[in-house]
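Q: Could you take me through the salt bridges in this one, pair by pair? I'd like to know where the partners sit and how buried they are.

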Amino acid sequence: MVLKVNNTEGCHGHPSHGKTLTRRYYAVLSVAGSDSSGGAGIQADLKTLSALGVYGATAITAITAQNTEGVHSQFTLPPQMVYDQIRAVIDDIRPSVIKIGMLSTAEVASAVADALTGCSIPIILDPVMVSSSGHRLLSVEAQEVVKQRLLPMSLLLTPNIPEMEALTRMPLSTLAERECAARHLLALGAKAVLLKGGHEEGDIKRDILYQERGNMVTSTYLSTPTVYTKNIHGTGCTLSSAIAAYIARGDKLEEAVARAKEYISKAIEAGADISIGRGFGPVNHLFNPLKMGIYEEYEL
């Protein structure tokens, strides 16, 4: 048993005799694919976590050969290796939050679900299905594993509009249709759904956070001005990792989502006029990095 504290005088006013005080980093485990261009996937996750003062650990699900112009090829790791990576990190580092991104195949998705069965760590599930260049990163069979096994484990699901349409097989043209689709995913077990509006046209990008409160579903709108740039590679990975980072640091879900939305908006703006590669470049993850966050806890 551990008790987190903000000082070294004791825990909740009680003396610290017989307890060992340990200083730790806030930690997040990212389960995702590797992007050789460094803009998305594991690389984007680690940059985001580092920028927000959180220690990042990884379990790599697949290796992609890609650059800013697209995905050239991908290699999926053996499911047992994915399982072993997850268990090795959880058993030793004890991350505060787990972020799940690219899963590639049904077998890998099942291995991730097996590794996390019975796990009480909050999970942020980013259902990465297709790359920004149009390359499929999640098989149709794996989508069903995500829906049936991983979605019910998750604190938050973060689909964009095409991903939400694929998961629900529902149209999302109107706000009423989007709420209906969100209700469907919440009924499958998701605790909350953040529908990302990055695919929308116009001068405002609007995300919608759906949460079930009793018998009601609430909708929280998060809007930011559109930044007109082609450097948007890895924005979904970055946003979900930022949410995980803020939750690891102690924020409640709504606050973490709002702060992560602000972070990704500023990262896009900071990298809008930078040229890396000939295609869709990355955001500027490290526009204003924080020092590593440290907390103290007594081990009983």
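A: Quick definition before we start: a helix here is a DSSP run of H or I with at least four residues, numbered from the N terminus. Keep in mind that this is a predicted model.

Glu 144 is partly exposed at 25% relative accessibility, while Lys 147 counts as buried at 15%.

Lys 196 and Asp 126 form a salt bridge at 3.3 Å, N to O. Lys 196 sits in the loop between strands S9 and S10, and Asp 126 in the loop between strand S7 and helix H4, 70 residues apart. Lys 196 is buried, with 9% relative accessible area, and Asp 126 is buried too, at 2%.

Next up is Asp 207 with Lys 261, a salt bridge at 3.2 Å, N to O. Asp 207 belongs to strand S10 and Lys 261 to helix H8, so this contact ties together parts 54 residues apart in sequence. Asp 207 is buried, with a relative accessible area of 5%, and Lys 261 is buried at 8%.

There's also a network: Arg 24, Arg 94 and Glu 297 are joined by salt bridges that share partners. Across the whole structure, the search turns up 14 salt bridges.

How values were computed: Residues are numbered from 1 along each chain as its sequence is written. This is a predicted model: local features need pLDDT of at least 70, side-chain atom pairs count only at pLDDT 80 or more; totals for chains, interfaces and linings use all residues. Side-chain values use heavy atoms; hydrogens and water are left out. A salt bridge is a side-chain nitrogen of Lys or Arg within 4 Å of a carboxyl oxygen of Asp or Glu. Helices (H or I, at least four residues) and strands (E, at least two) are DSSP runs, numbered from the N terminus. Buried means under 20% relative accessible area, exposed over 50%, partly exposed in between (1.4 Å probe, protein chains only).
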